Amino acid sequence: MGKNIKNVIKKFIPWMDRDKKIYRLYKKSNKLMKNGHRVLADYYSNKIYRKYGCLISPKAQIGKNLTLYHPIGIIIGEGVTIGENVIIYQNVTLGRRKQEIEEYPKIGNNVTIYANSVIIGNITIGDGATIGCGAIVLKDVKENSVCTGVWKWKKILYIMLFIKY
């Protein structure tokens with residue numbers, strides 16, 4: 001009976017398992033890229049983009065148990081290194097700061113990156129760190145610390161919503 005319920009859930013709720021499907025497609029593209037099959041690797045990478053709306057380079061190094069909640073708009077650049085048990089929410093960008101310089105972020109284990117965050121350049125996010133919503137991270141983040149977003153802009157936008165013209 002347990003298997004039947006799982007099959008029903010997978011059939012009628014297709015989004016239940018999408019982060020695992022994305023991870024499997026990424027692993028295929030990564031393995032193909034390592035073996036020199038660039039065209040096939042790009043095919044699987046483009047399939048992830050077309051079907052799920054997130055762009056993951058086949059050259060990125062991603063550890064086990066990557067969880068992508070709402071994967072729309074997630075961009076993971078080609079030199080990015082991600083540890084194990086990382087959770088990433090929608091519209092997160094992990095990449096390089098300048099096109100000429102090949103410097104990418106390194107994300108530790110058990111890190112949570114919330115929506116609309118940008119992590120660019122040659123920086124390290126320590127194990128167990130949390131990156132808050134809307135954060136633009138340009139410097140290293142220590143282990144088990146919290147990095148928050150730009151609250152001044154949010155406060156200004158909030159005030160502007162209630163001003164009568």
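Among contacts in the chain between residues at least 6 apart in sequence, what percentage join residues at least 24 apart? The figure is 28%, with contact meaning heavy atoms within 4.5 Å.

A quick note before clicking: this is a predicted model, where local features need pLDDT of at least 70, side-chain atom pairs count only at pLDDT 80 or more, and totals for chains, interfaces and linings use all residues. Residues are numbered from 1 along each chain as its sequence is written, and side-chain values use heavy atoms, with hydrogens and water left out.

Start with a cartoon view.

Next, select Ile 76, Ile 82, Ile 88, Leu 94 and Ile 125. Within the largest nonpolar core, which has 37 residues, these touch the most other members. Such a core is a set of buried Ala, Val, Leu, Ile, Met, Phe, Trp, Tyr and Cys residues joined through side-chain atoms within 4.5 Å. Now color helix H2 (18-34) and helix H3 (38-52): each supplies at least two residues of this core, and H2 gives the most, with 6.

Zoom in on Ile 76. Leaving out residues up to four places away in sequence, its contacts include Leu 55, Ile 56 and Ile 82.

Finish at Leu 55, in strand S1 (residues 55-56). Leu 55 is partly exposed because its relative accessible area is 36%.

How values were computed: Helices (H or I, at least four residues) and strands (E, at least two) are DSSP runs, numbered from the N terminus. Buried means under 20% relative accessible area, exposed over 50%, partly exposed in between (1.4 Å probe, protein chains only).
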